[in-house]
Amino acid sequence: MTDSTSVHLRIVRELLLSSPPGQFDVILEDLRELLSSPPNEWIEKIRMEYNTLTGRQALFQTTPVKSEDPLGLQEGMKLHIDKYYSGKGVQCNYVIDSSFSSDSVCSILLYAERIQLQQYHAGSWTAKYNITKNDNNILCIKGKAILHAHAFENGNVQLKTTVEFPSVEITSKNVFQQIQIWDESLVESLTVMYDEISSDTLKKFRRVMPVTRTRFDWNLLGHRGIRQLGAEVQKEKGR
């Protein structure tokens, strides 16, 4: 392998591992056109690395409980997914693993994605929880959630958020109650953040005075109405 080939493969690897949800193969096809085709075996190795990195390997886990389920969480996990991750177009699965580490009771990996490339958006939610016992032999849970969203209609914006959940004491019966509290808190904070982004942050990325010397109108409702009207016009033309 030449130094040039090694550099190209390293670049390809970084690009593939940075792929937005549902777009690993889309980016791979673009890279195949730009570079000499990498070996298929090497590509599959990177795919496995990507699935592990993002938590997406949970979707392919036919047996969601590894080793054993010491706290009897499987039924609660199924109910949790049915309640919060069963929307249209959502794929979701989980893994409960009691062989995580010597000081851990069990770990939970939950992965969900909604890929709508024809509608120009995609997103994934990866949550990892670790349940341990403290010095007083009381169950504790801590975790982390990673949200990755990508929208590319009339622009291209990616948002990736990682939130750490501090350790709190629980019982085996309120594991999912605590997870729900964390999820709702995260969604609430994200809703506020997205409102600020649409009305303030993205606005700052644009010129205050465009090259046309005409100030840009940032009336969100007005622009949404124009887009919807344009879509309806195109729909009528297609009939």
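## Terms and model

Two strands are said to pair if DSSP finds at least two bridges between them, and strands (E, at least two residues) and helices (H or I, at least four) are DSSP runs numbered from the N terminus. This is a predicted model, in which local features need pLDDT of at least 70 and side-chain atom pairs count only at pLDDT 80 or more, while totals for chains, interfaces and linings use all residues. Residues are numbered from 1 along each chain as its sequence is written, and side-chain values use heavy atoms, with hydrogens and water left out.

Strand β4 (residues 121-133) runs antiparallel to β5, to which 13 bridges join it, and K133 stands opposite L139 of β5. Five residues lie between the strands of this hairpin, where N137 takes a positive phi near 65°.

Strand β5 (residues 139-151) also pairs with strand β6 (residues 157-169), in the antiparallel sense and over eleven bridges. Here A151 faces V157 in β6, and A149 has L159 as its bridge partner in that strand. β5 and β6 form a hairpin too, with five residues between them, and N154 in the turn has a positive phi of about 55°.

## The helices α2 and α3

The axes of helix α2 (residues 24-34) and helix α3 (residues 40-54) come within 12 Å and cross at roughly 145°, where axes are lines fitted to C-alpha atoms over the stretch in contact and angles run from 0 to 180 degrees between N-to-C directions. The contact (heavy atoms within 4.5 Å) involves F24, D25, L28 and R32 of α2, together with N40, I43, I46, R47 and Y50 of α3.
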